[in-house]
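Colleague: I would like to learn how to read a protein model step by step. Could you take me through one, giving the general idea before each case?

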Amino acid sequence: MIELFHMEKQLIFLDTETTGNLPEDKLCQLCYKIGDKIVDQLYNPGIPIKIESMAVHHITEKMIAGKPFFKDSPEYNELKELFSGDCVFIAHNAKFDVGMMEKEGLKAPKVIDTYRVARHLDPEGKISSYRLQYLRYLLGIEVEATAHDAKGDVLVLEKLFERLLKKVMDIENISKETAIDQMIDISSHPVLFKFFNFGKYKNDSVEDVAKKDRGYLEWMLKQKKENPDEEENWIYTIEHYLGL
């Protein structure tokens, strides 16, 4: 196991459960892990929890009755202090959790998105899914954790991070500090795909397709831009290879 905590940067593994996934939604559960310390709390989001969300994380209105607002909690103050220092915020599909933190006025200085790092380390797209729980079982990560629970997801997240960190260190033959810096850089932009894993150019490199069939990529870009939030990786990739 890689020793993670004897280093300058403070690593914060974090996950949220929320009232939904629309712009107006708020967090109702937060878990974060720093070293051996785990904080796991429920909060009053100030708005109703959508039934669709309850069906995923099983947090009900009754469970949050009487709970404090996140901004009134000691956890808020602790994270605010940590985010003002040299910490690294680690989450899976971090864009969502970063957004939830920013709604509360908290902005992490550095972010590692294990989703983006996992995709980066699979340039040929051989893995069929990059969901946290899929990667948990694909990689044989053994941890007692309940899926779609903030604490359970944080425990899996930490183990996934360790596996990805070791792979980056081994591939690049670099120290863990340098590997973490590289993971931060990878996480700072959408994933750059190198190969198609679908369609008529399946298994061909995107670079080669850009040279021989630019029109296909231009058509594909137009299609992907109809769903920019879901297709940001392909939009980024196509624009890169088209030189836009």
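**Reading a lysine and its sheet**

Modeller: Let us begin with one residue and its contacts, where contact means heavy atoms within 4.5 Å. Leaving out residues up to four places away in sequence, Lys33 touches Leu11, Ile12, Phe13, Ile38, Val154, Leu155 and Glu158. This is a predicted model, in which local features need pLDDT of at least 70 and side-chain atom pairs count only at pLDDT 80 or more, while totals for chains, interfaces and linings use all residues. Residues are numbered from 1 along each chain as its sequence is written, and side-chain values use heavy atoms, with hydrogens and water left out.

Colleague: Is Lys33 buried or exposed?

Modeller: Buried means under 20% relative accessible area, exposed over 50%, and partly exposed in between, with a 1.4 Å probe and protein chains only. Lys33 has a relative accessible area of 9%, so it is buried.

Colleague: Which side chain makes a polar contact with the side chain of Lys33?

Modeller: A polar contact is a pair of N or O atoms within 3.5 Å; within protein, one must be able to donate a hydrogen and the other to accept it, and residues adjacent in sequence count only if both atoms are side-chain atoms. The side chain of Glu158 is in such a contact with that of Lys33, at 3.2 Å. A polar atom of the Lys33 side chain also lies 2.6 Å from the backbone oxygen of Gly35.

Colleague: In which strand does Lys33 lie?

Modeller: Strands (E, at least two residues) and helices (H or I, at least four) are DSSP runs, numbered from the N terminus. Lys33 lies in strand β2, and Gly35 takes a positive phi near 60° in the hairpin of β2 and β3, which has two residues between the strands.

Colleague: How many bridges pair β2 and β3?

Modeller: Two strands pair if DSSP finds at least two bridges between them. Here β2 and β3 pair over six bridges in the antiparallel sense, and the partner of Cys31 in β3 is Asp40. Strand β1 (residues 10-18) also runs antiparallel to β2 (residues 27-34), and six bridges join them; Thr16, for instance, has Leu30 as its bridge partner in β2.

Colleague: What order do the strands of the open sheet have?

Modeller: The five strands follow the order β3-β2-β1-β4-β5, and their pairing is mixed. At the edges stand β3 (37-42) and β5 (111-113), each with a single partner strand, so one side of each has no neighbour in the sheet.

Colleague: How should I read a nonpolar core?

Modeller: In soluble globular proteins, nonpolar side chains tend to be buried together. A nonpolar core is a set of buried Ala, Val, Leu, Ile, Met, Phe, Trp, Tyr and Cys residues joined through side-chain atoms within 4.5 Å. The largest one here has 30 residues, of which Ile90, Ile112, Phe161 and Met183 touch the most other members. Helix α7 gives the largest share of this core, 11 residues. A second, separate core of 21 residues includes Leu27, Tyr32, Phe70 and Leu106.

Colleague: How many disulfides does a search of the whole structure find?

Modeller: A disulfide is a pair of cysteine sulfur atoms within 2.5 Å, and the search finds zero. The cysteine sulfur closest to that of Cys31 is in Cys28, 13 Å away, which is too far for a bond. For Cys87 the closest is the sulfur of Cys31, at 16 Å, again too far for a bond.
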